[in-house]
Every structure is written in C-alpha cells, then in structure tokens.
Amino acid sequence: MSTIDAPEPDRAGSPLLHSALEQLRLEGAIFFRSELTEPYAFESTPNVVADVLHPGAERIVLFHIIANGSCWVSAANGERHRADHGDVIVAPYGDPHVIEGDTPAECVSILTLLTPPPWDAMPLLRHGGGGARTDLVCGYLFSDDPLFDPALGAFPPVFVVRLPEGPAAGWLQASIAYSLEETSLSNASPSLISRRLPELVLIEVLRHHLATAPALDHGWLAALRDPVLAPAMSMLHASPERKWTVAELASSAAVSRSLLDERFRQVLGRSPIRYLTEWRMHLAEDLLATTDVGIFTLARRVGYDSEEAFSRAFKRARGLPPSHWRAARSTLQPPV
C-alpha cells in the first residue's frame, strides 16, 4: 500500500480534489507486456480476475501505455477511442473493453491469450496476424478509494490520456523503457522503484486527466465544480464527525435547504445525508485497514456517539461488523 504525493492545487482544480489525490492509496501494482501485430482484436475483462490479483477485490483499475504503434479501444457503451504512441488508456473501474488494430479481426478473450494468474514472472501477451506491431505496457492496481467507486461517476468507463510535451511526458517514456527491461513482477520486485512505478504512472495520468477533463453535468467531478455542492462537500469532508443536518449544512453553504438537497440528488444521485454516511464509511474503512484504533474511538471520529450505533451502520453498509471486517481485511491483505 502506498500513498502518492498529490499535485499542486492549481493542477488538481479544487481543494477537495487536491485532498482526494493526496490521500489516494493504490495497492498490488503489476505490470505486464503485450506485443500485438495486425490484424488483432481482444476483449479485456479485468474484474474477472480481480480477486486473484488482489484477494477480496471485486474490481481493479487497469491501464495500458502505448509503448509503440497505435490501437483503438472500445468501451461497452459503444464509445471508441484512438490511442497512439505515448498515450495511456485507463479503465478506472475495470470495465470490459476491446483493444484492436486498424484491420478488422475476430475478437478473442484476453483470458485465452494469457496464462491465468497468479504469475511468477512478468507475463508477455503475444497476439495477431504478423503485420504492423503495437506494444503495450499494462498495469493492474487495486484501490478502494471513493475516486474509483463507479457510483460516483468521477471518470468515464474507459478514457485515453495524452500527456503534454514536457517533463511529465518525458518521465512517462523513461518509465516505459525501465519497465520493458524488467522481467520480474513489479509488486514482487526487490526494487522499490519497480514496485511503485505502476502507481506513480497512474497518478500522473490521473493528475492530468482530472485537471483538463471537460465539464460534466453529473458525477463527482461535476460536484466539485458546482458552486452549491463544492462548499457543502468541503465542509462534510473536513468535519465528518459533526452532527450535520441538511438545514445546518445549507445554512453554512449559504443556500436554501431545498436547493442543496436538489443539487445533491441531481448531480450525485443521493441525498446530502446519504453522501455523508457513505463518506463516513469510507473513512471508517481506512482507519480499520491502516490503524489499530479501537472501535469506540473510531466511531467517535466518524460521527457516532456509541460503538453500537456505528457497528450497526457499518454492518448495513459493508455486510460485516467493523471488528470482523478488520480481521477479514488483515487475512486477505497480500504480503508486501
């Protein structure tokens, strides 16, 4: 598990987004390589192997760096994107997607092309008809951060990022060159650089995407840029332990209660109090996973007066009492 340095606030676009990136944790980074020759087409289904790559995970984050050549990527919603040398394809929720070349080809499952995980060495996927070649460097990572919760809609299911010319793009190219020289799995490598490289690559790509993404009318990014929601969310994130009511939150944000409730439901698809509860559960998960804080103390930190009330709320949200969830998490945590 690693904490990645955050971008400067002006690049992040909002103080709340800056804070989210600052606290972002990514785990279990794995690189593998693909050598594709025209014609080729395969479907990637990352979440099918999520539990194998990271025990207990229901979904993972996947990215593909175009190290050489170019390709097309198609999402399940029908959107199709071109990716050229140096571009990065990101599937933030592990949604199925198709990678293909310029020439039509029969699409096969990636599961038929790769040896099933777990892997002892960096896998190499070779596929295609022997024509023009495209090389990909791909990374799997796990994160239970709300930023990667599909319900919040912070990202499209699949998107392509091109870093602008300059230090970031140069660093990405150097990272590709370094990873292509490696043969061991990055998450099992004795080198700290190798273990953290997939994480650092993804965070740099996310920094650029989040700073330059077009305005949306719904989802978490839209909320961060909404003049009604942004200040209200900042207050909830800053003081989750406070006994917030919608009326008090609306007054602090200098808007009417009805307008605040309407904007939360329109943009985030949930009421202000439901959003607060979900944020408290995320904070509780984080404390359970990364500290030995007692349940009573933890309950007070996230806004509950009693251990019993917190335990009931956590079990409703996560299916297990907090103490059982912590024990299960400790059992499933892969070795570092």
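Tutor: Met281, His282, Ala284, Glu285 and Leu288 of helix 10 meet Phe310, Ala313, Phe314, Ala317 and Arg318 of helix 12, where contact means heavy atoms within 4.5 Å. This is a predicted model, in which local features need pLDDT of at least 70 and side-chain atom pairs count only at pLDDT 80 or more, while totals for chains, interfaces and linings use all residues. Residues are numbered from 1 along each chain as its sequence is written, and side-chain values use heavy atoms, with hydrogens and water left out.

By class, the contact of helix 10 with helix 12 has 7 nonpolar, 1 polar and 2 charged residues. Here Ala, Val, Leu, Ile, Met, Phe, Trp, Tyr, Cys and Pro count as nonpolar, Asp, Glu, Lys and Arg as charged, and the others, Gly among them, as polar.

Two packed helices are described by the angle between their axes and the distance between the axes. For helix 10 (residues 272-290) and helix 12 (residues 307-318), the axes come within 11 Å and cross at roughly 100°. Helices (H or I, at least four residues) are DSSP runs, numbered from the N terminus. Axes are lines fitted to C-alpha atoms, for helices over the stretch in contact, and angles run from 0 to 180 degrees between N-to-C directions.

Cysteines are a separate matter. The structure holds 0 disulfides, a disulfide being a pair of cysteine sulfur atoms within 2.5 Å. The sulfur of Cys138 is 9.1 Å from the closest cysteine sulfur, in Cys71, too far for a bond.

Definitions and conventions
Helices (H or I, at least four residues) and strands (E, at least two) are DSSP runs, numbered from the N terminus.
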